[in-house]
Amino acid sequence: MPKLPNLLFAVSEAHPLIKTGGLADVAYSLTAALKPHVHEVRLVLPAYRAALAQAGHLEPIATLHVAGPDAPVRILEGDIPGSGVKVWLVDAPFYFDRDGGPYSDTHGADWPDNAARFAVFARAIVEIACGRAGISWRPDVVHCNDWQTGLVPALLALEPVRPATVFTLHNLAYQGLFDVDVFQALALPAALWAPEALEFHGRVSFLKGGLIFADRLTTVSPTYAKEIQTPAFGYGLEGLLAHRARHLTGILNGADYGVWDPAHDPLIAQHYGPHTLHLKAVNKDVLQRQLGLPQISDAPLLGLIGRLVEQKGIDLLLAALPALLKHPLQIALLGSGEKHIEQALLNAAVRHPRQIAVHIGYSEELAHRIEAGADMFLMPSRFEPCGLNQLYSLRYGTVPIVRRTGGLADSVTDTNAAHLKAGTATGFVFDDATPAALLHTLERALALFRQPAHWRKVMACGMQQDFSWHRNARAYLELYREAQAERAATPAA
Ligand code: ADP
Ligand code: GLC
C-alpha cells in the first residue's frame with residue numbers, strides 16, 4: 001500500500017478568497033473533503049489583490065526566481081478561512097496585485113497579459129513541485145485545474161524527476177488560447193511547440209498542456225466526459241480526448257453542505273429542512289420584498305443565478321418569456337456577464353416589473369436567498385460540465401428545471417409519471433435546446449406546482465439526495481494513488 005500522498009492542488013480561484021464561478025466552490029470543498037485522507041494538502045493560488053484582502057494572516061515562506069517577472073516571486077502561507085486548508089499564494093505583484101477580476105479587468109475585458117500571468121503562476125508551481133523553491137515540502141501529486149494551470153503538467157513532463165500529475169477540466173469552452181508570439185515571448189521550451197504538445201492550429205493552447213501531459217485527466221461529470229469526446233462539445237479537441245479516454249474519468253462534483261444547507265445557512269432569513277418545508281415560505285416572502293416583487297405567496301417564483309454567458313442558455317429563457325409570462329409567475333434573476341444578455345434581462349424587468357426582478361452583479365448573500373426563497377430553479381444550459389446550483393437547489397427544496405446535459409443530466413431525475421410514482425423524481429429535465437422545449441417543461445412544472453401534495457414530494461425527495469463530497473472525493477483519492485504508484489514505477493527520464 002503506497003503512503004498517503006502529499007497533494008498540491010493548483011487552481012486559479014478558491015472560495016472564499018476569490019470566486020467567479022463553480023471552480024472556486026470546488027477548490028474549497030474538494031480540498032476540505034480530501035484533507036483528512038491525504039498526508040498533507042496545500043492549495044496554491046495567485047496572490048490577487050482581492051485574495052490578499054480576504055486571506056487574513058499570511059507568512060512569507062519562500063522567495064524564488066522564475067522566468068518572466070523582473071522581481072523574485074514570494075510564496076505567502078495562510079489558511080483558507082472556513083476549511084483551514086493551508087494555502088500558498090504566489091505573490092508576483094506586477095501580475096496579480098490589481099483591481100478587477102482574476103481573468104479580466106473591471107470592465108470585463110480579459111487582461112492582455114493573461115498568458116504571462118498564468119505562465120508565472122505555473123512556473124512557480126513547477127519550482128515548488130520539484131523541490132527548488134526552498135520549501136522543505138514536496139508533493140507526490142499535483143492536481144491542476146483548467147487552462148490557467150495547463151502549463152504545469154507540460155513543464156513537469158520535461159523534468160527528470162517529478163510528482164504525478166492530475167488535470168481536471170472544468171470547462172472546455174475556456175482554453176487559454178494565445179497567438180504564436182506568446183510562445184516565444186514566454187520563452188517556453190521549444191519541445192512544447194508541436195501539434196502533440198501546446199500547438200493548436202498555429203496558436204498556443206495552455207489547456208492542451210494539461211490534456212496531453214497530465215498522467216490522469218478528469219472532468220466534472222460522467223456525462224460531460226462522454227460529451228467532450230464528440231464534435232458537438234469537443235471544440236476540435238474531441239479526437240485528443242477520445243485518444244486519452246483510458247485515462248479520462250468523469251467525477252461528479254460535490255456540494256459543500258457546510259456552506260449550502262437551509263438548515264443552518266447564516267445568510268437566509270428562516271432555516272428549514274425536509275420536515276419543516278412550510279417554513280421555506282418565509283424566505284420567499286422576504287425575497288419578494290427585497291426584490292420589489294408583489295408578495296403573492298402562491299405565485300410560483302423561479303430563480304436563476306449564474307454567469308450570463310452563452311453556455312447558460314439565457315437566450316432560450318428570453319425567447320420563451322412572452323409565452324411564459326402569461327402564467328402568473330415571478331422570476332428572480334442574479335448574474336453578470338455579457339453586456340447584451342445583461343441588457344436584454346434588464347429590459348425584460350423594466351417591461352414586467354411585477355413579474356421579473358433582475359439583479360446584475362455578484363452577491364453571495366442574494367445567491368443564498370434566491371436558493372432559499374424560490375420555488376423552482378432554472379438551468380437551461382446549452383452545456384454544463386457539472387453545475388453546482390442544481391445541487392444547491394435540490395438541498396434547498398427549490399425544484400431544478402434543467403437541460404439534459406453534463407452534470408445536470410447526472411444529478412436531476414425528471415418528474416415523469418413513473419418517477420413520481422416511484423418517489424425518485426427530483427426536478428424537470430428537457431432535451432432540446434429550444435425555447436419551445438423549455439416552455440413545455442416549465443408548463444409541466446407549473447402544472448405540478450398546482451398539486452401541492454405532489455410538489456412537496458418532489459421537493460422532499462430532492463432535499464434528501466446526498467451530493468456531498470464524501471463519495472466522490474474517494475474517486476480522486478483512488479486516482480491519486482494510481483498516478484502516484486505509476487510514477488513511482490517509472491524510472492527517472
Ligand atoms: P459555473 O462554474 O459555470 O459558473 P456552477 O453552477 O458550477 O457554474 O457554479 C456557479 C457558482 O457561482 C455557484 O456557487 C453560484 O451561486 C455562483 N454564482 C454565479 N454567479 C453569481 C452571482 N452573480 N452572484 C453570486 N454567486 C454567483
Ligand atoms: C465550470 C463549469 C461548471 C462546473 C464548474 C465547477 O465553471 O461551467 O459546470 O460546475 O466549472 O467544476
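## Where the two domains meet

Across the interface of domain 1 and domain 2, the rule turns up 1 salt bridge. Keep in mind that this is a predicted model. The side chains of Lys19 and Glu364 meet in a salt bridge, at 3.5 Å from N to O.

As for the domains themselves, the assignment gives domain 1 as 6-254 + 470-489 and domain 2 as 277-466. Their centres, taken over C-alpha atoms, sit 32 Å apart. Contact between them involves 24 residues of domain 1 and 19 residues of domain 2. Together the two bury about 1,500 Å², with 55% of that on carbon and sulfur atoms. On the domain 1 side, Lys19, Thr223 and Leu252 lose the most area to domain 2, together 23% of what that side buries.

## The nonpolar core

Now for the inside. The largest nonpolar core counts 170 residues. Leu17, Leu43, Leu45, Leu89, Leu172, Phe206 and Leu211 have the most contacts inside this core. Helix α4 (residues 114-129) supplies the largest share, 12 residues. Domain 1 and domain 2 each put in at least three residues.

Take Leu89 from that list. Leaving aside residues up to four places away in sequence, Leu89 touches Leu17, Leu45, Pro46, Ala47, Leu52, Ala55, Leu58, Arg74, Ile75 and Leu76.

## Val44 in strand β2

Val44 belongs to strand β2. Val44 counts as buried because its relative accessibility is 0%. What does Val44 touch, not counting residues up to four places away in sequence? Its contacts are Leu8, Phe9, Ala10, Val11, Trp88, Val90, Phe121 and Ile125.

There's also a sequence-versus-space pair to look at: Val44 and Ala14 are 30 residues apart in sequence, and their C-alpha atoms are 9.5 Å apart in space.

## Helix α1

Helix α1 covers residues 22-34, 13 residues in all. From its first C-alpha to its last, α1 reaches 18 Å, close to the 18 Å expected at 1.5 Å a residue.

Is α1 largely enclosed or largely open? Of its 13 residues, 10 are buried, so α1 is largely enclosed by the rest of the structure. The buried ones are Leu23, Ala24, Asp25, Val26, Ala27, Tyr28, Ser29, Leu30, Thr31 and Leu34. Their cover includes the strands β1 (6-10), β2 (40-46) and β6 (141-145), plus the helices α15 (389-395) and α20 (469-488).

Technical notes:
Residues are numbered from 1 along each chain as its sequence is written. Chains are lettered from A and ligands numbered from 1 in the order in which they are written. This is a predicted model: local features need pLDDT of at least 70, side-chain atom pairs count only at pLDDT 80 or more; totals for chains, interfaces and linings use all residues. Side-chain values use heavy atoms; hydrogens and water are left out. Helices (H or I, at least four residues) and strands (E, at least two) are DSSP runs, numbered from the N terminus. The expected span of a helix is 1.5 Å times one less than its number of residues. Buried means under 20% relative accessible area, exposed over 50%, partly exposed in between (1.4 Å probe, protein chains only). Contact means heavy atoms within 4.5 Å. A nonpolar core is a set of buried Ala, Val, Leu, Ile, Met, Phe, Trp, Tyr and Cys residues joined through side-chain atoms within 4.5 Å. Domain bounds come from an automatic or database domain assignment. Buried area is the accessible area (1.4 Å probe) that two parts lose on being put together, summed over both. A salt bridge is a side-chain nitrogen of Lys or Arg within 4 Å of a carboxyl oxygen of Asp or Glu.
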